[in-house]
Amino acid sequence: MSFLARASAVALRSRSAICTSICSKSLMATSAKTLAPAAGASIAPADGHGAHFKVERYWAAAMLPLIPASYFVHGPVMDVALSVALVLHIHWGAAGVIQDYARPFVIGETLAAAARASGYLITLLLIVGLFHFNYNDVGLTRAFEMVFSL
């Protein structure tokens, strides 16, 4: 599918929910020149979503050796590293779900703000709970070892 066809389909879908049929007809009549990017212009978003996506992928890839290593290496440094890695990974995943499904135009501004705030609150409670467990109990890595030795 060409860029022009994708751009036209996206423009029609996004505008059809808020426009009247007259607006949609005029949008369909829009020339291809106005939908195509200017010469030399980038179509990448300017708000840094691409960089954030790359960081998430690299973080997930870095967790692959961290999880098996935590089974063999025990101690407070590994406990904290594993806790932070897991909490960040979980937070980014949950924030993506909240961003996709708790949109303000679907559930309202108040509930969308409450959903975002609850995501941060759950992340904060999770990291505090893991740090408490690491400091006052056996730690995350020893706990995994104890579970796997059953």
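The protein has eight helices and zero strands, in a model that is predicted. Read along the sequence, the pattern is α-α-α-α-α-α-α-α. Of its 150 residues, 21% count as buried. Among contacts between residues at least 6 apart in sequence, 63% join residues at least 24 apart.

**Annotated regions**

- An unreviewed UniProt entry places the feature "transmembrane region" at residues 80-98 and 110-133.
- In the model, residues 80-98 are 100% helix and 0% strand. The C-alpha atoms at the ends of this span lie 26 Å apart.
- Residues 110-133 are likewise 100% helix and 0% strand. Here the end C-alpha atoms are 34 Å apart.
- The feature "binding site" is placed by UniProt, again in an unreviewed entry, at His89.

**His89 in helix α5**

- His89 lies in helix α5, which covers residues 76-101.
- With a relative accessible area of 36%, His89 is partly exposed, because that value falls between the 20% limit for buried and the 50% limit for exposed.
- Leaving out residues up to four places away in sequence, His89 touches Trp59, Ala60 and Met63.

**Ser83 in helix α5**

- Ser83 also belongs to helix α5.
- Is Ser83 buried or exposed? Its relative accessible area is 0%, so Ser83 is buried.
- The side chain of Ser83 reaches the backbone oxygen of Asp79 at 2.8 Å.
- A second polar contact, of 2.9 Å, joins the side chain of Ser83 to the side chain of Asn134.
- Apart from neighbours within four places in sequence, Ser83 is in contact with Ile127, Leu130, Phe131, Asn134 and Leu140.

**Helix α8**

- Helix α8 covers residues 140-148, and Leu140, Thr141 and Ala143 are buried in it.
- These residues cover an arc of only 160° around the axis, so they are on the same side of α8.
- Glu145 and Arg142 form a salt bridge, with their closest N and O atoms 3.3 Å apart.
- Because Glu145 and Arg142 are three residues apart in helix α8, about one helical turn separates them.
- Glu145 is partly exposed, at a relative accessible area of 26%.
- Arg142 is partly exposed as well, at 39%.

**The other salt bridge**

- How many salt bridges does a search of the whole structure find? The search finds two.
- Besides the bridge between Glu145 and Arg142, there is one between the side chains of Arg57 and Glu56, with an N to O distance of 3.0 Å.
- Arg57 counts as partly exposed, at 42% relative accessibility.
- Glu56 counts as buried, because its relative accessibility is 16% and the cut-off for buried is under 20%.

**Aromatic residues**

- A search of the whole structure finds three aromatic pairs.
- One of them joins Tyr71 and Phe72, which are edge-to-face, at 5.2 Å centre to centre and 85° between the planes.
- Tyr71 is partly exposed, at 32% relative accessibility, whereas Phe72 is exposed, at 66%.
- Tyr71 also pairs with Phe148: the ring centres are 6.0 Å apart and the planes are at 65°, so this pair is edge-to-face.
- Phe148 is exposed, with a relative accessible area of 59%.
- Together, Tyr71, Phe72 and Phe148 form one aromatic cluster.

Terms used. Residues are numbered from 1 along each chain as its sequence is written. This is a predicted model: local features need pLDDT of at least 70, side-chain atom pairs count only at pLDDT 80 or more; totals for chains, interfaces and linings use all residues. Side-chain values use heavy atoms; hydrogens and water are left out. UniProt positions are given in the numbering used here, feature names are shortened, and annotations may be inferred rather than shown by experiment. Helices (H or I, at least four residues) and strands (E, at least two) are DSSP runs, numbered from the N terminus. Buried means under 20% relative accessible area, exposed over 50%, partly exposed in between (1.4 Å probe, protein chains only). Contact means heavy atoms within 4.5 Å. The arc is that of the directions from the helix axis to the C-beta atoms. A polar contact is a pair of N or O atoms within 3.5 Å; within protein, one must be able to donate a hydrogen and the other to accept it, and residues adjacent in sequence count only if both atoms are side-chain atoms. A salt bridge is a side-chain nitrogen of Lys or Arg within 4 Å of a carboxyl oxygen of Asp or Glu. Rings of Phe, Tyr and Trp (its six-membered ring) pair if their centres lie within 6.5 Å; planes under 30 degrees apart count as stacked, over 60 as edge-to-face and the rest as tilted.
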